[in-house]
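Hello,

Here is the structure I promised to pass on to you.

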Amino acid sequence: MGSVARHRGAVLVLIAWWVFGNLYEAIVVMPWLWRLPPGSLPAEFEPGSPVFYFVPAGVVMLVLIWTLVFRVRRNGAGPVLRAAVLVTIAAAGTGILVVGVNPAFRDPAAGVASVHSAVLMWEAGNAVRMALAVAAAVSLIRRRAGPSD
């Protein structure tokens with residue numbers, strides 16, 4: 001297996017990790033937050049915060065996928081570029097959700113209705129992020145091996 005194929009494989013592993021993490025959020029974390037009183041989510045930099053495990057891997061994933069685009073630019077970068085754009089849009093969606101929705105989970109003064117609304121908003125955004133990530137993975141998998149793979 002060539003270095004480009006290994007690089008693509010590493011990106012696929014990170015995308016899969018991210019999708020499974022988002023699936024876990026959808027099935028376990030959000031229903032759990034639905035039942036907890038407002039203000040129950042730990043602060044961004046406290047133990048248990050998703051920042052510690054999602055941010056580093058997310059940054060590595062973005063760097064690796066855009067580096068892959070650069071590496072294959074002469075040998076059919078279209079599917080890889082499409083995957084990079086999809087992952088970048090999904091990552092931007094994460095930022096929007098964190099800034100716009102997470103405060104409701106951390107605010108002890110928030111009403112239960114606003115927490116429930118935030119859970120529903122997160123679940124909708126999470127579904128979009130997962131769909132984008134899966135589409136990116138499919139694009140990478142379908143890319144035909146080029147001469148440098």
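Let's begin where α2 and α3 touch: on the α2 side, Met61, Leu62, Ile65, Trp66, Leu68 and Val69 take part, and they meet Val80, Leu81, Ala83, Ala84, Val85, Val87, Thr88 and Ala91 of α3. Sorted by class, this contact holds 13 nonpolar residues, one polar residue and no charged ones. Do keep in mind that you are looking at a predicted model.

How are α2 and α3 placed relative to each other? Their axes lie 9 Å apart, and the packing angle is about 155°. Angles over 145 degrees count as roughly antiparallel, so α2 and α3 are roughly antiparallel to each other. The crossing of α2 past α3 is left-handed.

The protein chain has five helices and zero strands, so the order of elements from the N terminus reads α-α-α-α-α.

Next comes α1, which has two contacts for you to look at.

With α2, the axes come within 10 Å and cross at roughly 145°. This is a left-handed crossing as well, with α1 passing α2. From α1, the contact includes Ser3, Val4, His7, Arg8, Trp17, Trp18, Gly21 and Glu25. From α2, the residues involved include Tyr53, Phe54, Ala57, Leu64, Thr67 and Arg71. By class, the contact of α1 with α2 comprises 15 nonpolar, four polar and three charged residues.

With α5, the axes of α1 and α5 also come within 10 Å, and they cross at roughly 160°. That angle makes α1 roughly antiparallel to α5. Here too α1 passes its partner α5 in a left-handed crossing. The contact of α1 with α5 has 22 nonpolar, three polar and four charged residues.

Finally, have a look at the largest pocket. How much space lies in it? The figure is about 620 Å³. Its lining is made of 33 residues, and those closest to the centre are Glu25, Pro50, Phe54, Thr94 and Val98.

At least two lining residues come from each of α1 (3–35), α2 (51–71), α3 (78–100), α4 (102–106) and α5 (112–142). The lining residues of the largest pocket fall into 23 nonpolar, six polar and four charged.

Happy browsing, and best wishes

Conventions
Residues numbered from 1 in each chain as written. Predicted model: local features only at pLDDT ≥ 70, side-chain atom pairs only at ≥ 80, totals over all residues. Heavy atoms only, no water. 1 Å grid on protein atoms, 1.4 Å probe; cavity = no way out; pocket = protein on both sides within 12 Å on 5 of 7 lines; lining within 4 Å. Points joined across faces, edges and corners; volume = space filled by probe spheres on them. Helix = DSSP H or I, 4+ residues; strand = E, 2+ residues; numbered from the N terminus. Nonpolar A, V, L, I, M, F, W, Y, C, P; charged D, E, K, R; others polar. Axes fitted to C-alpha atoms, helices over the stretch in contact; angles between N-to-C directions. Parallel < 35°, antiparallel > 145°, perpendicular 65-115°, else oblique. Left-handed = near helix turned anticlockwise from the far one by under 90°. Contact = heavy atoms within 4.5 Å.
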